Amino acid sequence: MSKTQCSLSVSSQSKTAQFDLKTYWTTLIGEINQELDRAVPIQYPDKIYEAMRYSVLAKGAKRSPPVMCVAACELFGGNRLAAFPTACALEMVHAASLIHDDLPCMDDDPSRRGQPSNHKIYGVDMAILAGDALFPLGFSHIVSQTPSDLVPEQRLLRVIAEIARAVGSKGMAAGQFLDLEGGPNAVEFVQEKKFGEMGECSAVCGGLLAGATDDEIQRLRRYGRAVGVLYQVVDDILEAKIDEEQV
Amino acid sequence: MVFSLAALPSPPITLYLPKKGPNLYPPKLNKMSPIQCSLPVSTQSKTPRFDLKTYWTTLIQEINQKLDQAVPIQYPDKIYEAMRYSVLAKGAKRAPPVMCVAACELFGGNRLAAFPTACALEMVHSASLIHDDLPCMDDDPSRRGQPSNHKVYGVDMAILAGDALFPLGFHHIVSHTPSDLVPEPRLLSVIAEIARSVGSTGMAAGQFIDLEGGLNSVEFVQEKKFGEMSECSAVCGGLLAGAKDDEIQRLRRYGRAVGVLYQVVDDILEAKTTKSKVDEEKKEREELRSFIWG
């Protein structure tokens, strides 16, 4: 891994923070939530859709993948309308991987985003199916909702390939596997793979949608990965602190 | 082999699938019209001239080679081993890839255009079978003549292997389909078709209903599980060859019919096997009883 440098020009790097990240983030969350609500409607068979909505529309969700995607897109001059379908798809795919991660045979997490885990409410079989259904729904959503006048098809295919790479055996699934297996130097690999991948993927997708050049995409890749890994580190430290206090 | 083109009589056969009330079926199935296999196929003469067996078996070999290359062993090895175990199973019939390639060639397409999608369909099919066999799902101890994935690698690895195979399929399509043979908009339609078919309107729904049971779920399940995969494979083949919209619709009905037929035959064979096992056990118990009690 080479050194990661945040070399993107962002106005908040001046001494006084002028960029109001909180407002940017919270308004974006509102818009993403609306689109997700429409993208995962209740339809037959209702139970599956309820289980999918339960996880995707969880109130405690921070929406980092969608926000990263939209922000990266706008950073390179893209229209956020081009990014919204992909941003929602990233959230669906993220939710799907969390549902599976929480399963008893995986991390066995009883709660997620401030509410009981999906399998606690709907059962293990439904949770597996809900995750299995959310992932392709993300792809469907990208293809059916991305305005073709804003994003040429070739770029959209690259977005799809990027997400497929990130969640698959080179990415998050690998991370989860190592999380379970342990082994030498597994920790960094896991951190890289789990949230690093999602962070990297979201940033890259945003850049692709805006038509960023290849070297700009590379820089987004390192940036997104750094943010994702940092997030994971902070999350693990907080978790260790809570465990320590409980002991 | 369940379905043989050589067995098709002429004129085209007509299949009527039962129509149900709107409360019990999703809207689109209410509009089911009779299915006619009306695609021009040379076997509709009295003497079968199309050698399906050879076509199928040579295609299987090519697909297997490509799948072997598409799912190599790399770090972390265990996941890839688990994925390969299911995807490269010797007992696999490769019906989705064969349907895809055949549909593509039927409309004048180059099979090189179809191979990546054909492989992806097999990956996605394997992934859904791995998850279907899990203890909390259908709880099948064996698949394709070997122990199920979770029996060998454990439930957690089986879930992950399935989770990894789905996206690998999509990635494979995008990275390996020659762009000079398939324009990007058509490739996006292929991706959308596969996503639709495996998702909550397709196979996942079928599996859910399979678990839940409920009124009139049998037809729905048959439709959704194998009907979807087959429909999807045929449609993808047609899309790759540049078939027109009405041709795609006919492929859709054809693929669905083949898939449902396959499922029906499979279920009947399973019922026969179970019945003969039950009959055998009953016979054994009676023999034992008469031995003990005279």
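Analyst: Axes are lines fitted to C-alpha atoms, for helices over the stretch in contact, and angles run from 0 to 180 degrees between N-to-C directions. Helices (H or I, at least four residues) and strands (E, at least two) are DSSP runs, numbered from the N terminus. This is a predicted model, in which local features need pLDDT of at least 70 and side-chain atom pairs count only at pLDDT 80 or more, while totals for chains, interfaces and linings use all residues. Residues are numbered from 1 along each chain as its sequence is written, chains are lettered from A and ligands numbered from 1 in the order in which they are written, and side-chain values use heavy atoms, without hydrogens and water.

User: Are H4(A) and H7(A) roughly parallel or roughly antiparallel?

Analyst: Helix H4 (residues 80-101) of chain A and helix H7 (residues 153-167) of chain A have axes that come within 12 Å and cross at roughly 15°. Angles under 35 degrees count as roughly parallel, over 145 as roughly antiparallel, 65 to 115 as roughly perpendicular and the rest as oblique. H4(A) and H7(A) are therefore roughly parallel.

User: Which residues of H7(A) make the contact with H4(A)?

Analyst: Contact means heavy atoms within 4.5 Å. H4(A) contributes Thr86(A), Leu90(A) and Val93(A). From H7(A) come Val159(A), Ile163(A) and Val167(A).

User: At what angle do H4(B) and H5(B) pack, and how are they oriented?

Analyst: Helix H4 (residues 95-106) of chain B and helix H5 (residues 111-132) of chain B have axes 8 Å apart. Their packing angle is about 155°, and H4(B) and H5(B) are therefore roughly antiparallel.

User: How many residues in the contact of H4(B) with H5(B) are charged?

Analyst: Ala, Val, Leu, Ile, Met, Phe, Trp, Tyr, Cys and Pro count as nonpolar, Asp, Glu, Lys and Arg as charged, and the others, Gly among them, as polar. The contact divides into nine nonpolar residues, two polar and, as charged residues, three.

User: Is Val235(B) buried or exposed?

Analyst: Val235(B) lies in helix H10 (residues 217-241) of chain B. Leaving aside neighbours within four places in sequence, Val235(B) contacts Glu193(B), Ile248(B) and Arg252(B). Buried means under 20% relative accessible area, exposed over 50%, partly exposed in between (1.4 Å probe, protein chains only). Because its relative accessible area is 1%, Val235(B) is buried.

User: What share of the residues in chain B is buried?

Analyst: Chain B has 11 helices and four strands. Of its 294 residues, the buried share is 48%.
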